[in-house]
Amino acid sequence: MYLKNVLVSLLKIKNIILLVCGILLIGIGGYILLSLWITYINDWNTFVHAKATPPSVRFMIIGLALIVCAVFSRRAIYNAEFYSGYFEGDLDGYITYDELAAVTGKSVAGVKAELLFLRPIYMKKVRSCIRNNTQMLELYSKRALCQCRNCGAQIEKRIYFTGVCPYCHGSDIFARVLTDNRVYSISNSVDQGVSHPDFYTGKGIRGRLGGHTAGLCVSLVIMLINLFMTMDLFSKYNDQNYLKKQLLAGKLRMNSIELEKADLMNTIIFALVIAVLMIPPMVIAISHLRDAINAIHCSRHFAKCPSPTVRLETVPIGLFTDNPKRKLKSIRRAIRAGYLKNCSIEKHGGTLQIMLAKRVVKDACPNCGAPIVGAVNENYQCPYCRKKLMGVLVKW
């Protein structure tokens, strides 16, 4: 609704191309430089002035720049998608920067700077304005009406976010939203998640948990093997008596102590490079394991909640249960990685809450589910159930 979908899809493809090209360039440049360094390890001047050195360095710099651009763009697209989804769930039509800062865990200045960059490139139908002497964001022509499906009563927005109808005490309440000549409804299906933690966890989370555990173990084993091998080879490299005995016994492959030491150094460097290369996958695996475990804890807690709202401070997350900032960051990471679903972080009544099982249905009648074709307005009537879709004329 508030995202330039076609452009975002093209930019995602662009990011994949940049990432692949960057990895290839770094791989080619790094391989050539490593080969030259091992060949001329005792001749630094030849290594520096070799014809292949400058282009290899350029390859690595360009490759690193491409990867940084791809990662930055990917993060920007995720943030734009997050803001767009948050705007769709809003019923006011006005959102303060303080609210966005609380939800994202960032500073107000940080949110303003981020949206100053994101809005012109990735987003649409959102503008900055001053209202009640406060700078905020205005969403394009947004109108909303909240109702209870059980008794048909109209409900105030602040009561809607509690998830309980004040008249019949039912929880089947929903909002009709009209924006940009389109109608969509926001409701909850929290009943599907009661006693079903899998409703809130991403697909295949157990398999992904096992995969990241296996990846961590394999990376750790490879790193330890190479580190132990490095220590063993380094002790031999500095042991002159050992090298002389091996030479006299005819066991040195090079039949020269100097050549044997150079060969040992090449092997040491190679083993250290392999060990260092294992650090990034280990860090990534640990991060994903943490997010997946936090998601499982959260889903179990959500499955015990019959209400569509959960206070952030009640959610148990690992060792940081009492740290709201860490908790907020952990839940956002789990949602972004796809380990948590059917939940979102929102701020209502000045309090951060987890909204459960929120469902946004676009271009369909909120009453009968029939498709809506063509432009609609406040007086639009569904041709199937004959229900009037909107009953408000001004923004709240």
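## A lysine at the strand end of a pair

Let's start with Lys 358, which is partly exposed, with a relative accessible area of 23%. Here, buried means under 20% relative accessible area, exposed means over 50%, and partly exposed is in between (1.4 Å probe, protein chains only). Keep in mind that this is a predicted model, where local features need pLDDT of at least 70, side-chain atom pairs count only at pLDDT 80 or more, and totals for chains, interfaces and linings use all residues. Residues are numbered from 1 along each chain as its sequence is written, and side-chain values use heavy atoms, with hydrogens and water left out.

Lys 358 has a partner: Glu 346 forms a salt bridge with it, and the closest N and O atoms are 2.4 Å apart. (A salt bridge is a side-chain nitrogen of Lys or Arg within 4 Å of a carboxyl oxygen of Asp or Glu.) Glu 346 sits in strand S9 (residues 343-348) and Lys 358 in strand S11 (residues 358-362), so the bridge ties together parts that are twelve residues apart in sequence. Helices (H or I, at least four residues) and strands (E, at least two) are DSSP runs, numbered from the N terminus.

Another one joins Asp 291 to Arg 333, with 3.0 Å between the closest N and O atoms. This pair links distant parts of the chain: Asp 291 is in helix H10 (residues 279-302) and Arg 333 is in helix H11 (residues 324-337), 42 residues apart. Both Asp 291 and Arg 333 are buried.

Over in helix H7, Asp 232 and Lys 236 are four residues apart, about one turn of the helix. They form a salt bridge too, with the closest N and O atoms 3.5 Å apart. Asp 232 is partly exposed at 39%, and Lys 236 is partly exposed at 26%.

Helix H7 (residues 205-237) also gives the most to a nonpolar patch, with five residues. The patch is on the surface and is formed by Leu 220, Leu 224, Leu 227, Phe 228, Met 231 and Leu 272, with about 530 Å² of accessible area together. Patches are made of residues with over 30% relative accessible area and no salt bridge: like charges are joined within 9 Å, nonpolar side chains (Val, Leu, Ile, Met, Phe, Trp, Tyr) within 5 Å. Accessible areas come from the Shrake-Rupley method with a 1.4 Å probe, and for residues only the protein chains shown count as cover.
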